[in-house]
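Reader: I would like to learn how to read the overall layout of a model before I turn to its details. Could we go through one together, feature by feature?

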Amino acid sequence: MMTRRSPDLRPDAVVLRCAACGDGQFQETNVEGRAFPYRDERALTLTQALLLPVCTVCGEVRESAQHAASLDRLLHAAYVARRAAQTHELVAQLTAAGWRQVDIEQTMALSAGYLSKVLRGEKLLAPSTFRHLIHLALHPREALRDLAPFFPQSRDIESTLERRGAFAASR
Ligand SMILES: [Zn+2]
């Protein structure tokens, strides 16, 4: 025979204790502004509001499949925006020195127009490619010369940039 459950016996009414501190309980809390590991970032700050179960005592976030997809989607958006802004900053350093975007793309073995897509947040640079861009922006001439024994075409890029005065400031 079917019995009617009383409301306080619902399974989701079970109190979960926090495993991290053994003391607190979880409460839906806005975690905007908190940092999470994502891809090659150890601490990526969440820039949008999201309610997650957070321990009221120690602040531990309870990971659950139910919330994982939304957290992942928002972290991905924050990651793409952060990379686009950083790429913009590095590319601007090079273009201010006389590089064209196509010079950067050729040096970094990217297809033509790829950087524009990254700057618009439509594409992501692979983590290793992004690290290469950092070195290129900081030490453009050295980066080209380091490449030359392996990719002789980087000498052509260097002499084109030389004629355009791209290295004048670093002399
Ligand atoms: Zn806790």
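Predicted model: local features only at pLDDT ≥ 70, side-chain atom pairs only at ≥ 80, totals over all residues.

Reader: In what order do the elements of the protein chain run from the N terminus on?

Author: The order is β-β-β-β-α-α-α-α-α-α, which amounts to four strands and six helices in the protein chain. The radius of gyration is 25 Å, well over the 16 Å that the globule rule gives for 171 residues, so the protein chain is more spread out than a compact globule. Along the principal axes, the C-alpha atoms fill a box of roughly 90 × 35 × 25 Å.

Reader: What percentage of the 171 residues count as buried, and what share of the contacts with a separation of 6 or more comes from residues 24 or more positions apart?

Author: Of the 171 residues, 17% count as buried, while residues 24 or more positions apart account for 58% of those contacts, counted at a separation of 6 or more.

Reader: How should I read a strand, and which way do β2 and β3 run, parallel or antiparallel?

Author: In a regular strand the side chains alternate between the two faces of the sheet. Here, strand β2 (residues 35-38) and strand β3 (residues 41-45) run antiparallel and are joined by three bridges; Tyr38 has Glu41 in β3 as its bridge partner. The hairpin of β2 and β3 has two residues between the strands, and Arg39 takes a positive phi near 50° there.

Terms used: Residues numbered from 1 in each chain as written. Rg over C-alpha atoms; globule rule 2.2 N^0.38 Å. Buried ≥ 20, exposed ≤ 12 C-beta atoms within 10 Å, placed from the backbone. Contact = placed C-beta atoms within 7 Å. Pairing = 2+ DSSP bridges.
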